[in-house]
Amino acid sequence: MYASSSLCRTLLSVGFCISGLIAAAASAAPLEGKTLPIIADSAPRTVIVLPAKTHEDERLAAKELNEHLKLMCGVELPVVKKMPAAGAVVLLGAAAGEGLPSLIRKKGQDPASFAIQVEGRFVRIAGLSPEGTLFGVYELLEQLGCRWFMPGEFGECIPDRLDPVDQRP
């Protein structure tokens with residue numbers, strides 16, 4: 001099932017609700033608390049920033065995030081390699097900085113481990129390897145309601161709108 005673009009056009013604000021940190025793929029906790037608008041009035045309000053030297057898995061992570069957001073709301077986010085001066089930013093891989101990998105290492109050394117962190121205008125998704133970053137993007141998409149039950153379009157379940165992940169007070 002794919003997105004209804006008319007429903008997405010009516011969204012005034014779309015948010016990630018992510019608090020704290022997801023430190024490993026196997027130990028993802030419910031996300032709650034913070035809201036960061038990524039799309040408003042059917043236009044992107046966020047950019048995806050990739051590192052200057054981008055690994056194939058990091059490029060795939062940006063592509064997967066963008067493709068699924070487009071299916072959910074009909075909008076693609078710009079993908080850049082330079083940090084914009086203002087606006088919300090999704091930082092992938094090494095562009096997220098050195099802080100996340102050091103936090104992940106406190107929990108273990110699995111190269112597929114990742115962290116997702118929201119702070120101010122930044123959403124940081126990084127792994128101990130580029131593959132870990134890709135897994136972090138898949139986790140975020142799952143938190144936004146995407147499901148993959150089998151390969152191919154028939155096995156995908158993509159929500160028709162983006163709501164905050166966790167609406168508890």
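Which residue in β9 is the bridge partner of F114?

**Before you start**

This is a predicted model, where local features need pLDDT of at least 70, side-chain atom pairs count only at pLDDT 80 or more, and totals for chains, interfaces and linings use all residues. Residues are numbered from 1 along each chain as its sequence is written, and side-chain values use heavy atoms, with hydrogens and water left out.

**Stop 1: the whole protein**

Show everything as a cartoon. The protein has four helices and eleven strands. Both are DSSP runs, numbered from the N terminus: helices are H or I with at least four residues, strands are E with at least two. The accessible surface comes to about 8500 Å², and 56% of it belongs to carbon and sulfur atoms. Such areas come from the Shrake-Rupley method with a 1.4 Å probe; for residues, only the protein chains shown count as cover. Of the 169 residues, 46% are buried. Buried means under 20% relative accessible area, exposed means over 50%, and partly exposed lies in between (1.4 Å probe, protein chains only).

**Stop 2: the sheet**

Select β5 to β9. They form an open sheet of five strands with mixed pairing, in the order β6-β5-β7-β9-β8. The edge strands are β6 (79–80) and β8 (114–119), each pairing on one side only. Two strands pair if DSSP finds at least two bridges between them. Strands of a sheet pair through backbone hydrogen bonds, either parallel or antiparallel.

β5 (residues 46–49) and β6 are parallel, over two bridges. Click V49: its bridge partner in β6 is V80. On β7, the bridge partner of V49 is L91. β5 and β7 are also parallel, over four bridges.

**Stop 3: strand β7**

Select β7 by itself. Five of its five residues are buried, so β7 is largely enclosed by the rest of the structure. Turn on side chains. A88, V90 and L92 point one way, while V89 and L91 point the other way. Next to β7 comes β9, parallel to it over four bridges. Here V90 stands opposite V123.

**Stop 4**

Move on to β8. Its pairing with β9 is antiparallel, over six bridges. Click F114: its bridge partner in β9 is G127. That settles the opening question. Five of the six residues of β8 are buried, so this strand is largely enclosed by the rest of the structure. Look at the hairpin of β8 and β9, with two residues between the strands. In this hairpin G120 takes a positive phi near 60 degrees.

**Stop 4: the core**

Which residues have the most contacts inside the largest nonpolar core? Select I48, L65, M72, V90, L92, I125 and V137 to see them; the core has 28 residues. α2, β7, β8, β9 (122–127) and α4 (130–143) each supply at least two residues of it. The largest share, six residues, comes from α2. A nonpolar core is a set of buried Ala, Val, Leu, Ile, Met, Phe, Trp, Tyr and Cys residues joined through side-chain atoms within 4.5 Å. In soluble globular proteins, nonpolar side chains tend to be buried together.

Zoom in on I48. Beyond its neighbours within four places in sequence, its contacts (heavy atoms within 4.5 Å) include A62, L65, V90 and L92.

**Stop 5: H68 on helix α2**

Select H68. It sits in helix α2 (residues 56–73). Is H68 buried or exposed? H68 counts as buried because its relative accessibility is 3%. Not counting residues up to four places away in sequence, H68 touches L141, C146, W148 and I158.

**Stop 6**

With 0% relative accessibility, C146 counts as buried. Now select C157, which is partly exposed, with a relative accessible area of 26%. A search of the whole structure finds zero disulfides, meaning pairs of cysteine sulfur atoms within 2.5 Å.

**Last stop: A40**

Select A40, in strand β3 (residues 39–40). A40 is buried, with a relative accessible area of 10%.
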